[in-house]
Amino acid sequence: MGVCMAIFKLPDDFLLGTVTSSVQIEGGDTGNTWYQWAKDGHIVDNSSPFTACDHWNKVEEDTRILKSLHVQTHRMSLEWSRLEPAPGQFSAAALQHYREEIQRLLDENIEPLVTLHHFSEPVWFQEAGGWQREGNAQYFIAYVRYVVENLGDLVCEWVTFNEPNVYTLFGYEIGSFPPGIRNLRISRQVKAELIKTHVHLYTLIHQIRRDRQFPGRTRVGAAMHLRVFDGLTFFGKMVARLADHIFNELCLAGMTTGRLKFPLPGWPSSHKKGRYADFLGINYYTRNIVEFAWDPRLYFYRWLNDKSLDKSDLGWDIYPQGIYRVCKKYYSRYKLPIYITENGISDKHDNRRPDYLVRHLAWLAKAVSAGIKVERYYHWTLMDNFEWLEGETAKFGLYHCNFRTQERTARKSAELFRAVCMTKEFTAEIGG
Ligand code: FCB
């Protein structure tokens, strides 16, 4: 008989779930910036979010899958262009659709965590000048007011922005995401604008749910893409700190405390610093080794791989310990409960995903034992979907999705995740 060894055990009140985003799975919407971006030929395989997983018509089936996985929570996003197809004109049909989708989750005891901005926007918002135009945040604020007034009775927990650092890096610095701008000055302004908008929304969402006496404890936060940066040489270590400041810190500190750190343009002097997050949402995927480079467009550093580590299909280093390191660092700084709002791997053949899952969860269990308040884990993602620039080529799903027949098929990782969701632990049999 072999010996059963607990690889990890998470507390009973730890919640596990999956995460998706609207434009990546729904299909059928033509009013968003990514539909347009795909039409303009920016996607590696020429696919379009118009196809995606047809989730818009498969909510019932997909909720059944979530139920079968025994997830306790699910993070999803709402498509702004569906809910507000023209400025100030809201779609009652889209609202009803999302109410029904969320009600289905609640009926299965799956707690929704709802994202308000996950990379995509209505084309009309960009045509009006997007975030780069002063005053346009008002459009988004009015939209969020509508959403929370009309869905806030069902949803207690909200993510304002998904990965504002990635959104601004690709959308406004590198120019590979819409709106395709390459301008550091504009990017700084947009970052500051997103932070100010988040601070505003934090108060607004709390206020609406309180005034309307909606049930449940309101929690509002942002989902940050946090990467570990390590330097190997003396200069490497120095630029690792710079990378950390620019990529991780600016948006994280901004959306948590309202502080606009250098080099972001400042607040009017009347602004009060405070706490504008009820949880720290962390999207953790990988680490980079950084090295000094003489190229100001790269902020004087390059992101490199560690040759000794296994890689995902996209060539990202698999570095599970990093999830522990970011939780430890930011918990000790902010003392806020942590939700791992995304973690996952592109792995078409599902060879590395089971190990990836187990090792990241084991480090989280270690964090919990060390007194770090990690409360939730959301796996990216439920099924293969439209993966932005990679289109249909990157396979992050617990389920394989056939984009032509729309058939969903469980990978072996789905079985593993189901077992973990049910027992909150993982044991391995050692010996024969
Ligand atoms: C994150 C995004 C998510 C998905 C994963 C792989 O940066 O938030 O939509 O693309 O990466």
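Leucine 113 has glutamate 157 of β5 as its bridge partner. This is a predicted model, where local features need pLDDT of at least 70, side-chain atom pairs count only at pLDDT 80 or more, and totals for chains, interfaces and linings use all residues. Residues are numbered from 1 along each chain as its sequence is written, and side-chain values use heavy atoms, with hydrogens and water left out.

- Strands β4 (residues 111-117) and β5 (residues 157-162) pair in the parallel sense over 4 bridges; to count as paired, two strands need at least two bridges found by DSSP.
- Strands here are DSSP runs of E (at least two residues) and helices are runs of H or I (at least four), numbered from the N terminus.

**Helix on strands**
- Angles run from 0 to 180 degrees between N-to-C directions, with axes fitted to C-alpha atoms, for helices over the stretch in contact.
- Contact means heavy atoms within 4.5 Å.

**Helix on helix**
- The axes of α5 (residues 92-107) and α7 (residues 137-151) come within 11 Å and cross at roughly 50 degrees.
- That makes α5 oblique to α7 (under 35 degrees is roughly parallel, over 145 roughly antiparallel, 65 to 115 roughly perpendicular, and the rest oblique).
- Leu95, Tyr98, Arg99 and Ile102 of α5 make the contact with Tyr146, Asn150 and Leu151 of α7.
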